[in-house]
Amino acid sequence: MGHAVLLSLVTIGIYVVLREALAITLRQTPTAPQTFIVHMAPILDMERVVGAVLVLRDVTELRRLEQMRTEFVANVSHELRTPLTSIKGFAETLLEGALDDKEITRRFLGIINLETNRLQRLIDDLLSLARLEGKRVEPLASGASVSVVGKKVMTLLAPLAEERGVELHAHMPERLPRARISEDLLGQVLINLVENGIKYTPKGGRVEMRAQEHEGLVQVAVADTGIGIPAESISRVFERFYRVEKARSRHMGGTGLGLAIVKHIVEAHGGTVGAESRVGRGSTFTFTLPSEPAGET
Ligand SMILES: Nc1ncnc2c1ncn2[C@@H]1O[C@H](COP(=O)(O)OP(=O)(O)OP(=O)(O)O)[C@@H](O)[C@H]1O
Ligand SMILES: [Mg+2]
């Protein structure tokens, strides 16, 4: 608090000169993230200043949340504007005469359709996040079988994997307790992780899903042999809209919300998420969920 106190003393000096109450914001040091609001008022004895009362309030968390909200709105606007600009541009070009060329019309409508899909996905993802935000889901009466849902997800994504030339494998033990989550939400988590694995793995690679039980938790890992994530980015991939390579992800129709949704769903059910990766080698995403007491597949 050294700097803050020093600054406060300077401010008291100013007050003494001005004889007014002051409220100022202090940063502990230019780099330290801690922020205080200082309120001060004079102590007067017969019109004479004999001292000052100083109240310091730590508003670091408040400022951090304000900052996050501002960034979120800026990100959402940017993400919405990109496809909209493209839709508008192609629609205008068609209206201005390109319609006469059947081939061009077909190509432009294709792009408009693609961008509309992206907008729809973005809005769906934002709504999912808003629904999950801050909500703690009550443990369910009957949870989901990770092996059953895992296999469904593998089947669902098999065509994408084949198109990309990536192999899919699932290693699920015979007897695995059910996880305390609905099949639907567990499916969303697994789809996001496996889809990422496929998207960020070059042809000839593989994506593997493993699950095991450990001390009342079901632990799931989705590992790929893909491009990997640089060390400085790994702690940020669960943030909303964070993408290591914006252009590459956007090119694949990504919104950067997938992992944020995964983290929200898992944490809302009392679980944790994790990721480790080596550039050029691959990535492993893990999550845990509380399991149901009775062992059952
Ligand atoms: N398995 C992976 N291998 C390499 N990079 C990954 C992997 N999974 C995620 N990433 C990186 O983390 C970023 C965030 O992932 P996330 O799933 O949140 O967004 P996205 O895949 O870009 O878009 P969306 O999931 O919304 O379609 C990705 O853009 C990518 O850079
Ligand atoms: Mg994704």
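Let's start in the middle: the largest nonpolar core of this predicted model holds 36 residues, and V146, L186, V189 and V194 have the most contacts inside it. A core here is a set of buried Ala, Val, Leu, Ile, Met, Phe, Trp, Tyr and Cys residues joined through C-beta atoms within 7 Å. Buried means that 20 or more other C-beta atoms lie within 10 Å of a residue's own, with C-beta atoms placed from the backbone. Two or more core residues come from each of α4 (146-164), α5 (183-199), β5 (206-214), β6 (217-224), α8 (258-268) and β8 (282-290). The largest share, 7 residues, belongs to α5.

Take V146 as a way in. Beyond its neighbours within four places in sequence, V146 is in contact (C-beta atoms, placed from the backbone, within 7 Å) with M172, L176, A179, L186, A211, V218 and V220.

Zooming out, the protein has 8 helices and 8 strands, which are DSSP runs numbered from the N terminus (helices H or I, at least four residues; strands E, at least two). Of its 297 residues, 25% count as buried. Among contacts between residues at least 6 apart in sequence, 65% join residues at least 24 apart.

Now for ligand 1. Its shell has 23 residues, the closest being Y200, R243, V244, G254 and G258; a residue is near if its C-beta atom, placed from the backbone, lies within 6 Å. At least two shell residues come from each of α5 and α8.

A note on bookkeeping: residues are numbered from 1 along each chain as its sequence is written, while chains are lettered from A and ligands numbered from 1 in the order written. Local features need pLDDT of at least 70, side-chain atom pairs count only at pLDDT 80 or more, and totals for chains, interfaces and linings use all residues.

Terms used: A residue is buried if 20 or more other C-beta atoms lie within 10 Å of its own, exposed if 12 or fewer, and partly exposed in between; C-beta atoms are placed from the backbone. Two residues are in contact if their C-beta atoms, placed from the backbone, lie within 7 Å.
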